[in-house]
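Biologist: Please take a close look at one part of this model for me. I would like to hear about the salt bridges.

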Amino acid sequence: MKLFYIAFAGVLYLASFAGDVFAQADHMLTIQLKDGPVVIQLMPEVAPKHVAQIEALAQKGAYDNVAFHRVIDGFMAQTGDVQYGNMSKGYDPSLAGTGGSDLPNIPAEFSKKPFVRGTVGMARAQDPNSANSQFFIMFADGSFLNGQYTVVGSVVSGMENVDKIKRGAGQNGEVSDPDRMIKVTAGK
């Protein structure tokens, strides 16, 4: 009988672990790029408000056709300006990177998660509480961002496709004729 209870406890433990894995699977973001998909594991346990906003925007198709307006080699690729960055409606290269969405800005959710290659962080203005819809994917480690920007996720597959995003010119990385997120979906 004691063996039964031990076995039962083990099954419960494994079931709880599997539940955590399946719960995380609900928070995946898939970005279709010209060279293939990029899958991002979102981190609601680290930045719940930011993740909820990204998922809401993805679910209503707001990120589809949005440009990578700022891409700096050896640093990061920035996208997500749904107001001015949609390349199929209302794209304005002179304003891309200055807009957001029709949702409110989000208070900072800084964490101890480091900015390393593949980290996804929220872009913002000078005000730490100004993140809205724009985010960036790190090409390389960027420890100088730690604790200054909100980490929302990490690339779990397709980083080779991120590496092929067209780079910008100049110190600010503005991109002429930029690549775009063709389709963005949230969920499993």
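Modeller: Exposed means over 50% relative accessible area, buried means under 20%, and partly exposed lies in between. Keep those cut-offs in mind. This is a predicted model.

The count comes to six salt bridges. Start with D73 and R167, whose side chains meet at 3.0 Å, N to O. D73 lies in the loop between β4 and β5, and R167 in the loop between α3 and β9, so the pair ties together parts 94 residues apart in sequence. D73 is exposed, because its relative accessible area is 57%. R167 is partly exposed, at 28%.

Next come K183 and D64. Their side chains form a salt bridge of 3.2 Å, N to O. K183 belongs to strand β10, and D64 to the loop between α2 and β3, so this pair ties together parts 119 residues apart in sequence. K183 is partly exposed at 43%, whereas D64 is buried at 12%.

Strand β10 also has a place in the sheet. Eight strands form an open sheet, in the order β4-β5-β7-β6-β8-β2-β1-β10, with antiparallel pairing. β4 and β10 stand at the edges with a single partner strand each, so one side of each has no neighbour in the sheet.

Now R117 and D163. Their side chains meet in a salt bridge of 2.6 Å, N to O. R117 is in the loop between β5 and β6, and D163 is in the loop between α3 and β9, 46 residues apart. R117 is partly exposed at 40%, and D163 is partly exposed at 29%.

Methods: Residues numbered from 1 in each chain as written. Predicted model: local features only at pLDDT ≥ 70, side-chain atom pairs only at ≥ 80, totals over all residues. Heavy atoms only, no water. Pairing = 2+ DSSP bridges. Helix = DSSP H or I, 4+ residues; strand = E, 2+ residues; numbered from the N terminus. Salt bridge = Lys/Arg side-chain N within 4 Å of Asp/Glu carboxyl O. Buried < 20%, exposed > 50% of the residue type's maximum accessible area, 1.4 Å probe, protein only.
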